[in-house]
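Here is a short briefing on a protein model with a ligand.

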Amino acid sequence: MEKIIINGGKPLHGEIEISGAKNAALAIIPAAILSQDVCVIENLPVSISDVSYMMKILKHIGAKVKLLSKNSIEIDSRHVDSYIISNDMTKHLRASYYFIGALLGRYGRAKVAMPGGCYLGTRPIDQHIKGFELLGATVSVEDNAIVDARADELIGSPVYLDVVSVGATVNILLAAVKARGLTVIENAAKEPHIVDLANFLNSMGADVRGAGTDVIKVRGVEHLHGCTYSIIPDQIEAGTYMVAAAATQGDVLIKNVIPKHLESISTKLIECGANVEEFDDAVRVSLSGRPGKCNIKTMPHPGFPTDMQPQMAVLLALADGTSIISESIWTNRFRYTEQLNRMGANIKADGQLAVVQGVEQLKGAPVRADDLRAGAAMLIAGLAAKGTTEIEDILHIDRGYEDVVQKLRGAGADIKRVFCPDANTLTSAG
Ligand code: EPU
């Protein structure tokens, strides 16, 4: 078992470099098998565990994966020879279900166990299945555990999504790129990682237009070829460090970002009194004095991202005044508030609303990372709090934050990772 220990209360200063986007990577990795060729993926956050699990699945179905450098891999999918992926492969992460769309697109057949991932409330996949069926696939879910999808031929079709879903948009895109004719996804998700996936598919020879708007048109092509592609910077990792800079009343230059992707986050930070300076591929965030309050409502892109909601709650927990957070994507994304309240925050969550009464100071405490972004919130709280915070269950943080301890240390944080053979003996793990 490993923990992260933070001696907090020190403003972050300096520079932090952002890695490639996790949620783009998780869509692009399975998409590579559609090419039946060799793809090189650059700016990939190779060391986060979600990416490692996706690479394991690739190898499991017969692809060859070669590490070219710290952040680039080569995927040779010429010898993929299986469409079956079992639960021990899929249970670690949500995005494992992108192999359904990718294998359907490649073989017309996919038998993939239901995905795992963060518990954020119910996570149905009805829109994915509806999309596959509209493209001509027959889909059954065996024992509520294995999705079995098959199609003699996939044929382009209009698909209207009843809810704006990132996952369904990705999966339908993957199935549609080699289908015969035109697929039109309406009410599609517009997140930056959808655009990145579409750009990757087009680099392989696909014909995808309109990504980034709510109508995506895919004209099926017979053949895709290999390519070299560099993944966009991670919007949520950048946002997390932006909030950390403000919550510690620090001053940090966050490099390798696309400032346009950060606008909803920058706007809220400015509303709380932070300075946000934009450069071509960097943002500088600073705050002196106590943050001000603000209200937040999470929305699909370009609204305020739900994946930044727990982190922002830490800043609001320290604000002068009372803020309201309204979570409109997930039904159960306030579990972390219990942990923050152990650190002296005053947050009352009820259903999809939380009332955050700002306090002057948080104090270090033993806390748990309930899920990935909850873990990010614990990191920020620990950095801002007086005293020592010990974060348990950090495997959730490792799913999405590359080199997090090193990056924060580089900005002056007193943070370390420790290996705990048992709860009473703490040994340094670097
Ligand atoms: N939904 C349905 N039916 C479906 C699919 C989704 O009702 O078939 C609902 C969901 O229950 C939810 C809403 O639609 O209420 C949006 O879900 P979406 O499908 O967009 O979420 P997702 O694809 O499962 C991705 C990210 C999440 C992020 C959400 C929302 C990946 C791998 N995951 O999840 O990221 O919270 O979009 O932006 O891209 C994270 O990175 O920490 C994370 C949880």
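Helices (H or I, at least four residues) and strands (E, at least two) are DSSP runs, numbered from the N terminus. This is a predicted model, in which local features need pLDDT of at least 70, side-chain atom pairs count only at pLDDT 80 or more, and totals for chains, interfaces and linings use all residues. Residues are numbered from 1 along each chain as its sequence is written, and side-chain values use heavy atoms, with hydrogens and water left out.

**Ligand shell**
- The shell around the ligand holds 24 residues, and Q127, S165, V166, D307 and I329 come nearest; a residue is near if one of its heavy atoms lies within 4 Å.
- By class, the shell has 11 nonpolar, 7 polar and 6 charged residues. Ala, Val, Leu, Ile, Met, Phe, Trp, Tyr, Cys and Pro count as nonpolar, Asp, Glu, Lys and Arg as charged, and the others, Gly among them, as polar.
- Helix α5 gives the largest share of the shell, 3 residues.

**Ligand polar contacts and cover**
- A polar contact here is a pair of N or O atoms within 3.5 Å.
- A ligand oxygen is 2.6 Å from a side-chain N or O atom of D307.
- A ligand oxygen is 2.8 Å from a side-chain N or O atom of R373.
- The protein covers 88% of the 830 Å² of accessible area that the ligand has on its own (Shrake-Rupley method, 1.4 Å probe).

**Salt bridges**
- The structure holds 23 salt bridges, each a side-chain nitrogen of Lys or Arg within 4 Å of a carboxyl oxygen of Asp or Glu.
- In one of them, the side chains of R399 and D50 meet at 2.8 Å, N to O.
- R399 lies in the loop between α13 (395-398) and α14 (404-410) and D50 in helix α2 (residues 49-60), so this pair ties together parts 349 residues apart in sequence.

**Backbone geometry**
- Most residues other than glycine have a negative phi, and most peptide bonds are trans.
- The H301 to P302 peptide bond is cis, with omega near 10°.
- P302 is in the loop between β18 (296-297) and α10 (309-317).
- Q36, a residue other than glycine, has a positive phi near 50°.
- Q36 lies in the loop between α1 and β3 (38-42).

How values were computed
A polar contact is a pair of N or O atoms within 3.5 Å; within protein, one must be able to donate a hydrogen and the other to accept it, and residues adjacent in sequence count only if both atoms are side-chain atoms.
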